[in-house]
Amino acid sequence: MKNKILDHLGMKILSLVIAIVIWIIVANVDDYKTTKQISGIEIEFINGEAITEKNKVYEVPDGTMIDIVVKGRRKVVEKLTSDDFKAVADLSKMSVTDAVKVEISAVSSYIARDLTISYTNDSVVIAVEDKIEKQLPITVRANADVAEGFAIRNKTATPNLLIVEGAESVVNTIEEVVVDVNVKDAEHSLSAYATPQFLDKNGKEIDAAKFSYDEKEIEAFVEVLPTKELAVKVKTIGEPKEGYASAGIDYQPSSILVVGEAEDLAKVDEIVIDDIDISDCDKDLETSVHILDYLPSGIALADDTVDIMIKVMIEEVKEKKMTIRADDINIVGKRGGFSYTYKSGEAYTLKVRGLKGDLENLKIANLIPSINVTGYTEGTYTFTVNFKEFSGIQLLDTLTVEMEITQEE
């Protein structure tokens, strides 16, 4: 048995050595040369004070990630991720073209000695701008409707101003700072803390990560109070030009919705605009007034009405002659057994003055002409004719009639 093992011992040892050498060669060939692309390595920017100390800000327009290709032993390379590498850009070494070289290295020295690292772009472009500070007012927005019969009188923010600091091109796009408060079906005042939103001129929200601001939480107060519908009345002062008169007033809206404390609302039922001056007017007067100027203390508008549109019609005054027949005159106080006969004729002329439209519609029956014969006995008497006052009509004559009263047989 021993002889069999020792037979050809030299050949057996040589075969073993050859096998080991072949294994080493195969293992090295299979594990040595492989490549891999690794994406999304975050670039660390250092020495940023080299820019910020000059009252400037910077950003990387093309992003802060870099991709690399690594080459090395397969068993090492296949396990690598972006976390195994670090990329550093030194902002104090920025070139005149605002480019900064990126240095990439493996985190572990063990990994580093087995790898070669290559990448297409070895630098990033830095956008540098002037840093500005801007103070902006804060607007409180209600993002729902309050309960029916209630409205918002006032909205305030604490603080009411926000200081924003950042790149000039970004800060100057901020048109409005708002905070939203949920007031759905509210019947009382409420407050809440909200994060400010930054809007451009189109109402689109701007990413707040692009700048800094001094208050991250804003306290918003929304005052919710009951409402009331109030009638609007308009009155004029002064007199139109001689020969002209006011023919009426038209205005819109004729009522407004207001909001206030219940005790303040109980004190008012109408809003009177009493200072529309028509002095020396000879044509229609059209104007508008701010209704806010006429609201009593403690009362505010609950709708979007701001202006009251007013038109005062001015017309020329005309004169007209009207014929009154004796039969048109009512005799008041007649007694039975007596007869009443007009001695001064069957028709009379009455001159009146008024606006054209009023005169065109005026009839004798509207004036209700009458004389009063109460207590008169037989004889001939002169009576003054009485007329009912008619709006816009002025009587220019005093009309008298002569009447004979006789006792019937």
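Q: What share of the 409 residues in the protein is buried, where buried means under 20% relative accessible area, exposed over 50% and partly exposed in between (1.4 Å probe, protein chains only),?
A: This is a predicted model, in which local features need pLDDT of at least 70, side-chain atom pairs count only at pLDDT 80 or more, and totals for chains, interfaces and linings use all residues. Residues are numbered from 1 along each chain as its sequence is written, and side-chain values use heavy atoms, with hydrogens and water left out. Of the 409 residues in the protein, the buried share is 30%.

Q: What radius of gyration does the protein have?
A: The radius is taken over C-alpha atoms, and the globule rule is 2.2 Å times the number of residues to the power 0.38. The C-alpha atoms fill a box of roughly 190 × 60 × 40 Å along the principal axes. Whereas a compact globule of 409 residues would have a radius of gyration near 22 Å, the protein has 50 Å.

Q: Which kind of aromatic pair do F198 and F211 form?
A: Rings of Phe, Tyr and Trp (its six-membered ring) pair if their centres lie within 6.5 Å, and planes under 30 degrees apart count as stacked, over 60 as edge-to-face and the rest as tilted. The structure holds six aromatic pairs. With 4.8 Å centre to centre and 80° between the planes, the pair of F198 and F211 is edge-to-face.
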